[in-house]
Amino acid sequence: NLTVMFSDIRGFTTISESLTPEQLVHLLNEYLTAMTDIVFKYEGLLDKYIGDAIMAVWGDPIDQPDHALRGCKTALEMMATLKQLQAKWESEGWPHIDIGIGLNTGDMTVGNMGSKMRFDYTVMGDSVNLGSRLEGTNKEYGTHIIISEFTHEQVKDQVLCRELDSVRVKGKKLPVKIYELMGTKEDAPRLDPFLAQFNDGLAKYKEMRWDEAIASFRKSLEIIPGDPPSEMYIERCGDLKANPPGKGWDCVFVMTRK
């Protein structure tokens, strides 16, 4: 039972087209160095780089009972460090870089995998695939860090999250509840009023009380203007009000892209 993390740069192909190969390598190396240092700080296993993407694992080869929390702390610090890098790169005239991060906790096969001639020490399995899908799911909600219900169950008393949705990711039949990792418990005084409004809207959405849900999400936008999930739910509630889902609705959103 391990925790896997995937991170990816948004719009990397477009960024690549605006830079020379030498500039791209310089920028990517600076970014990967900063992010990898954080993975190592929390004693994660750097599984591999996949172009601009990072795959890391906690809980193996060293036993770490708090592997889910280590992964979450890494993700939060990666975002904090990225903000510092964004300011630095802007002053130097480099393109704006943003990332998405997905975390999942579950049973995985771990060990040397590959061919007879060459292999890597890595993890595989359905839980790994879900972690990868969650990274891409950030695009749908305008978020930066999404964790699964399985990771959330391990860290809910130590970090601050909001329930985002129940989704059926591409390639999977069973739905999974997803959460946005927003901060540590120290951030609660700042975020609690916003989360109360958002959670109220989400509860009314699940009860198909569309107008009341929209009102709650609009109040959450008064606290944090431009919050992408709140704006998304206002639009979704409007669509569902115009096209009611029916009594058998399970509140599950089906993802059609990775």
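**Helix H4**

I began with the buried residues of helix H4, where buried means under 20% relative accessible area, exposed over 50% and partly exposed in between, with a 1.4 Å probe and protein chains only. In H4 I found Ser127, Val128, Leu130, Gly131, Leu134, Glu135, Gly136, Thr137, Asn138 and Tyr141 buried. I keep in mind that this is a predicted model, in which local features need pLDDT of at least 70 and side-chain atom pairs count only at pLDDT 80 or more, while totals for chains, interfaces and linings use all residues. I also note that residues are numbered from 1 along each chain as its sequence is written, and that side-chain values use heavy atoms, with hydrogens and water left out.

Helices (H or I, at least four residues) and strands (E, at least two) are DSSP runs numbered from the N terminus. I looked up the span of H4 (residues 126-141), whose 16 residues reach 23 Å from first C-alpha to last, close to the 22 Å expected at 1.5 Å a residue; the expected span is 1.5 Å times one less than the number of residues. H4 bends by about 30 degrees at glutamate 135, the bend being the angle between axes fitted to the seven residues ending there and the seven starting there. Just after H4, I see glycine 142 with a positive phi of about 70 degrees.

**Helix H2**

Helix H2 (residues 21-41) has 21 residues and reaches 30 Å between its first and last C-alpha, close to the 30 Å expected. Its buried residues include Leu24, Leu27, Tyr31, Met35 and Val39, and I listed among the elements covering the buried residues of H2 strand S1, helix H1 (12-17) and helix H3, with contact meaning heavy atoms within 4.5 Å. After H2 comes glutamate 43, whose phi is positive, near 55 degrees.

**The sheet**

I traced an open sheet of 8 strands in the order S2-S3-S1-S4-S7-S9-S8-S10, with mixed pairing; two strands pair if DSSP finds at least two bridges between them. Strand S2 (45-50) and strand S10 (252-254) stand at the edges with a single partner strand each, so one side of each is left without a neighbour in the sheet. The twist averages 30 degrees from one strand to the next. Axes are lines fitted to C-alpha atoms, for helices over the stretch in contact, and angles run from 0 to 180 degrees between N-to-C directions.

Strand S8 (residues 159-168) pairs antiparallel with strand S9 (residues 176-184) over 8 bridges, and I found aspartate 165 opposite isoleucine 178 in S9. Helix H3 (residues 67-92) lies across several strands, including S1, S8 and S9, and runs at about 175 degrees to S4. Helix H8 (residues 228-242) lies across S8 and S10, at about 30 degrees to S8.

I also checked strand S5 (residues 109-114) and strand S6 (residues 119-124), which run antiparallel and are joined by 6 bridges; a hairpin of 4 residues connects S5 to S6, and asparagine 112 has tyrosine 121 in S6 as its bridge partner.

**Cysteines**

Taking a disulfide as a pair of cysteine sulfur atoms within 2.5 Å, I counted 0 disulfides. The sulfur of cysteine 72 is 6.3 Å from the closest cysteine sulfur, in cysteine 161, too far for a bond, and cysteine 72 is buried at 0% relative accessibility. Cysteine 251 is in no disulfide either, with the nearest cysteine sulfur, that of cysteine 237, 11 Å away; cysteine 251 is buried, with a relative accessible area of 16%.
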